Amino acid sequence: MSSYFFRRLAYMLVIVWLTSIASFLIIQLPAGDFVTNLATQYARSGRDIDQAKLDNLRRQFGLDRPVYVQYFHWAANVLQGDWGWSFRLRQPVVDAVGDRAGLTAAITLSTLLITYVVAIPIGIYSATHQYSIADYFAMFVGFLGMAMPGFMLALILMYGFLNAGLSVGGLFSPDYMRAEWSLDKVIDLLKHLPLPILIIGLSGTADLTRIMRATLLDELGKQYVITARAKGLYETKLIFKYPVRVALNPIISTIGFELPYIVSGGVIVEMVLNLPTTGPLLYSSLLTEDMFLASSILFFLCFLTVVGMFISDMVLVLVDPRIRFTGREA
Amino acid sequence: MADKLHPAELRSSGLGSASDAITVKKGHAELSAEERYYLASQWQMMWRKFRRHKLAIVGGAVLLVLYLSAIFADFLAPYPKEIRFEKFAYRPPTPVHLFDEEGQFRGPFVYGTTKERNMETLEAIYTVDTSAVYPLRFFVQGEPYDVFGLFETGIRLFGVEEPGAIFLFGTDSLGRDLFSRIVHGARLSLSIGLVGVSLSFLIGVTLGGISGYFGGVVDTIIQRMIEFFMSIPTTPLWLALSAALPKDWSIVRVYFGISIILSLVGWGALARVVRGKFLELRELDYVLAARVSGVSEWSIIWVHLVPNFASYLIVHVTLSIPGMILGETALSFLGLGLRSPAVSWGVLLEKAQNIASVAIYWWTLVPALFVVITVVAFNFLGDGLRDAADPYKQ
Amino acid sequence: MTNLPESTTLGPSTSGSEQSLLEVMDVRTYFYVDEGILKAVDGISFFVNREETLGLIGESGCGKSVTALSVLRLVSSPGRLVSGKILLHLDGDAINLAQLNPSGREIRDIRGKEISMVFQEPMTSLSPVHTIGNQIREAILLHRTNDRQEAQDIALDMLNRVGIPNPTKCINDYPHQLSGGMRQRAMIAMALSCHPKLLIADEPTTALDVTVQAQILDLIKELQEQFRMAVLYITHDLGVIAEMCHRVAVMYLGKIVELGSVRDIFYRPLHPYTVRLLKSRPKLIKGSGERLESIKGNVPVPLDPPPECGFYERCPEAIEGRCDIAVPELIKKEDGHWVRCFLYEGTG
C-alpha cells in the first residue's frame, strides 16, 4: 500500500518536472523574446531605441544566455519560491500573479466538487425515473451542456445579462476588489462564484449525468438486483445499496481526470468574463512574450492539474482499496 | 404426494444428465429464427440500427447541408467575403417580405433604406424606404468567382439588383455581409476539424496499435506518454502554442499549424481506445485460431482485428470533431488562431468580443449559432453511430 | 374466483387444504413492447404441495423464468402480471400474491421468508462489491432477527449446511473469489437462511460443470428434507427432472400443456409435445443405434399469438380445423394427470 503511494508520488514528481520543462520551452518557441517584442513596439510607435540599449536590456534580463541555462536558473529559483521577473509589469512574478493563482485553484476545485455533487444525484434520479419530466429536463440540460461549451455559454450569458441590466462583474464586488482578505471578502467571493462555476462546469456536469444515468440503467437490469428484490428488500434501499454502489465505482474512480478539462475550460471562461484569475494574465503575458510570467502560469496550471489528480487518486485509494483494482487496470 | 422415480428406474430409462436433446433442438431453433440476423454483414446491421436513430439522421442531414454549403460557398453567398459596403456598416438583418404595404403579394423582395443623420446626436438613422422595392431573384449574376480552378462564373443562388442589398444576417463594422462571410467561413471552420482529427487519428491509431499489439516495455512507455499528454490542460497549451506561431506566416501555414496544435492533444484518448481494443481482441480465440492456421501477423491485424473495432474508431472520430471545431473557434476568437483576412466562424466572432457592441449589434453573434448547430449535429450523429455500432444493443 | 370451468379445477380443494402450498391459477404475464404484446405467460395453472418438488420443464423462451418471477411479483416494466390468482396457503390463510402491490410491504415480507429463489448464474446474481456474509446477513436481518451477532451465527451455520468447507473464511470473501459451485452453494445458503416454505430454483445448475451439478442436486434434495420445504424446480433438463421431482409440469409457449406425477409423465405421456420431448433424448442403452428424433420446426415467439394451439405448427398429430382455430383447455385425464390437447377432448 505505501509502496504504491511512493511509486505514484515519484511518478507525479517526474511529470511535474517534465511539465516545467515543457512550459518553459513552449514559451521560448516564438521567434525573438521580450526585448525584440519591445523593440517592435517602439518601432511601431515611431520611437527610436538603439541597439546597444537593447543588448543591455537583454543582458540585464539574462536573455542572452543559452536556453537550458535560463531554464536551470528559473527552475532553481522556483524551488526557492522565486518565480522570476515579469518584464512587462516590472515586478516579481509572484507579486504579479498575487491572488490570481489561489482564486484559480478555488474556482477549479469548487467546480470539480459541484460537478460531481450535482451530476450524481440527477443521474440516479434520471435512471430510476425514466421518461419522467425530471428525466427529460436532465436530458435537456445534458443537451445544453453538450452544445454550448464554456466560452460560448459565457458569451451568451453575458449578452443576456447585459440586456437585463445586470452587472457581469468578475469575482468580487467593487468594494472588496482591492481589500484585504477577511471573512466578508470570502463571503463576497462565494456570492460571485456560482456564475463561473455554472459556466465552466455545465458541460462536465451534463456529461457526467449522462454517464451516471447510462451506467446505472445498465446495472439496474442486472441479475443481482433481482436477487436483492427477491430477498424482500425495500426498493429505494436496494437501489442505493446495490446498483448505485456498483455504478459509482467507475465514475468516482475517474474523478481526477475531470481536472484537466475544468482547468482548460476555466481558462477561456476566465478570459471572456475577465475574472481576476490566471487565465487573462496568461493570455496577456503570452502576447507580450513576458517569458517568466507566462511560463510560471503555464507551469502552475499543469501543476494544479497533475497534483490534483494525484491527490484525488490517493484519497480514493484510502477510501476504498477495491477502487484501485477496478478503476485503473484498463 | 406422488413418488419420485427410484434409482433403478433412473438407470433403466438410460437418462444421463449430460445428454440434453432439448439443447440440441434449441440450437437448431435458434439458428433458423435468427438466420437473417446472422447473415447480415456488420455494416448492414449498423446501418439498420442507425436508421432508427432519428436524431442521428437529422444530425447527419444538417451536417451534409453545412458541408455542401461550405463547398459551394461562392454559389450560395450573394456577395464575396471581402466586399465592403461602406454605406451599410452595422446593418441589422434585412427582412424579406412577401406582401407589400397594401397587402399585395409580390413574391419575395426587400426594401431599400435611406440613411439620415440625427443632427443632435450625430447618430445614423436608417429608415426603411417602402418605395424602393427590390425583388429577390434567383440564379443571379453577381461578382465572378472561379469554380475549383476550372472555370469562372458569376452565377449565385440569389441576390437583389443594385442599389438594393440583401443582408440576411446583417453586416459588420466594415459593411461586409455577414451571411456571405459565414458561408465562406464554414470552409475553414468545418475543414479544420477534419484535418485535425485525421492527424490525431493517425498518431493515435499508430501508437495505440503498437502499444496494444506488442505489449511489454513499448506498451508501458507509450502508455506513460498517453497519460502525460492527457493530464495536461489543453487550453493553456493551445494558447501557448498558438502564440508561438510566427505572426508573419501565411494563412495556409497558420491553418495547418493550428490543426497540428489541435491534433496534438486529441490523440491520447484515441490511442487509449485503440490500445484497449487490441489488448482485448488479441486474446480472443479466433485470433489464436488464425495464428494456428498460419496466418501472418500483418494479416491478423488488418483482416481480423481492425474491422472489429473500426466502428468504434468511426464513432470516436466523429465525436472528436466538435472538440476541434470548438478549439479553432476559441483560438481565433481570442485572436490566437486564424486571423483576417482569413474567414472562419471564430474570426467572425472575434469582433463580438466587445460586449457593448454585441448588445446593440446582436447579429454579430450569429456565427456562434452555427458553431453550436454544428457541434450538436456532430454529437447526435456520433451518438447514433455509437448506438448502431454496439453489437449488444437491440 | 377462478375462471376455469369446474372440470378443470386443479388439485385437492383449494383453501384450507393441508397439502397444497402454492396454487397458480390462470396467470398471465404480458410484456408490452414496441412490436406488440409478448404473451410470455398466457394462462398458467399448476399447484405445488407442501414438502414436494414440482418440476417445471420447457425449452428456452417458453416462459418458465417469467413464471417464477411472476410468483414473487418480480416482473418489471414493460412486463406486467395481467390476470390470474396466485394463492399462497400459510397458517390456514390463503394470500393472493397476484393482488399484492409489487413493491409493497406484504410481498416484501413474503420474499425471502416464505418463498425464496435461487437463480441460474451465481456470478451475476450476487453483488460483486459486497461480501458473501453481508449478502446472507441482509436476508436474515430483514426477516429473522435484529441482532447482528445472531445473524452472523445463522449465516455461518447455513454456509456449513450447504457444504462449504471453510465457512468463517468464505463469509468474508467476495463472490469472485469463489468457484462456481461454491457460489451457487452460497446462494442456496442465502435463500434458505430464513427457512422458506417454498424454494423456487430457476435452473440453478445449468451454468455449472456436470460433476458440480450432481453435487448441487444432492444438496438441494438433502436440504429439502431437512427443512421440510417445497421446491419449484425449473429446468430444461429431463435428467434432472427424473432425479429430483415428485411431480412435473410441462410448459410450452406460456401455457402448461401437461401436469402429472413424474411416473405419469415419463411412462404415460399424453401431450404430443411431451411424447416428442421424451423421445428426443439420446439413450445410453447399449445397442440402441436409433436415429435421434427431433421436433420439426422452431419455438415461435409469443408475440400477439393467433388463437390456436401453440404447438399446432409442429405437432405431428394436429387436427386441422380443430387445433388451428382454438386453444385447448387443461383437462383432467386421470387422477392427478392433466393435459391440454384437443386429442383428449371429451375423454376426461
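**Exercise 1.** What should the 18 residues of helix α8 (residues 210-227) of chain C span at 1.5 Å a residue, and how far apart are its end C-alpha atoms?

*Solution.* This is a predicted model, in which local features need pLDDT of at least 70, side-chain atom pairs count only at pLDDT 80 or more, and totals for chains, interfaces and linings use all residues. Residues are numbered from 1 along each chain as its sequence is written, while chains are lettered from A and ligands numbered from 1 in the order in which they are written.

Step 1. Helices are DSSP runs of H or I with at least four residues, and strands are runs of E with at least two, numbered from the N terminus.
Step 2. The expected span is 1.5 Å times one less than the number of residues, which for α8(C) gives 26 Å.
Step 3. The end C-alpha atoms of α8(C) are 26 Å apart, in agreement with that value.

**Exercise 2.** Determine which residues of α8(C) are buried and which are exposed.

*Solution.* Step 1. A residue is buried if 20 or more other C-beta atoms, placed from the backbone, lie within 10 Å of its own, and exposed if 12 or fewer do.
Step 2. C:Q213, C:I216, C:I220 and C:L223 are buried.
Step 3. These residues lie on the same side of α8(C), because they cover an arc of only 95° around the axis, taken from the directions from the helix axis to the C-beta atoms.
Step 4. C:T211, C:E225 and C:Q226, on the other side of α8(C), are exposed.
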